[in-house]
Amino acid sequence: MASPSEPDNPARPPAGIRLCALADLADPGTKGFRFRHETRLFAGFVLRQGGAVRGFVDRCPHAGWPLSGLPDRYLTRDDRHILCAGHGALFSLDGRCVAGPCVGDRLTVWPVEIRDGEVFTA
Ligand code: FES
């Protein structure tokens, strides 16, 4: 099966698509997004930390599963790490696995940008 993180995935939104307002995100906080094209799915999430927002493909580098079983909940309770619910991997907020079966691997970046207080795909 094709990976949902493939750049040629037709479900992956082009640059310039509005995702949400910066104010919609807790600090720190996350929000997930799903895009479909026919039978294909692209899943990503954004993570706010202060005035900055990062985007990641919602796919764990260990087994390729989505990270969270809950909508918009990607962080640990103490907000210090991104959690993969699959096998408990912990990622730093910049996407590097620091504990679990994929230590040293990274989440795939999904480029996003902030314009006038709104978060867009980039
Ligand atoms: S699928 Fe994420 S740690 Fe195994």
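**The open sheet and its surroundings**

Strands β5, β6 and β7 make up an open sheet in the order β5-β6-β7, with antiparallel pairing. Here strands are DSSP runs of E of at least two residues, numbered from the N terminus, and two strands pair if DSSP finds at least two bridges between them. Because β5 and β7 (97-99) each have a single partner strand, they stand at the edges, and one side of each has no neighbour in the sheet.

A word on the source: this is a predicted model, where local features need pLDDT of at least 70, side-chain atom pairs count only at pLDDT 80 or more, and totals for chains, interfaces and linings use all residues. Residues are numbered from 1 along each chain as its sequence is written.

Let's follow β5. Two bridges join β5 to β6 (residues 90-91), and leucine 83 has leucine 90 of β6 as its bridge partner. Leucine 83 is also among the contacts of tyrosine 74, as are Ile82 and Phe45, leaving aside neighbours within four places in sequence; contact means C-beta atoms, placed from the backbone, within 7 Å.

Aspartate 79 has a positive phi of about 65° although it is not a glycine. Why does aspartate 79 count as partly exposed? Because it has 14 C-beta neighbours inside 10 Å, and a residue is buried with 20 or more, exposed with 12 or fewer, and partly exposed in between.

How values were computed
Contact = placed C-beta atoms within 7 Å. Helix = DSSP H or I, 4+ residues; strand = E, 2+ residues; numbered from the N terminus.
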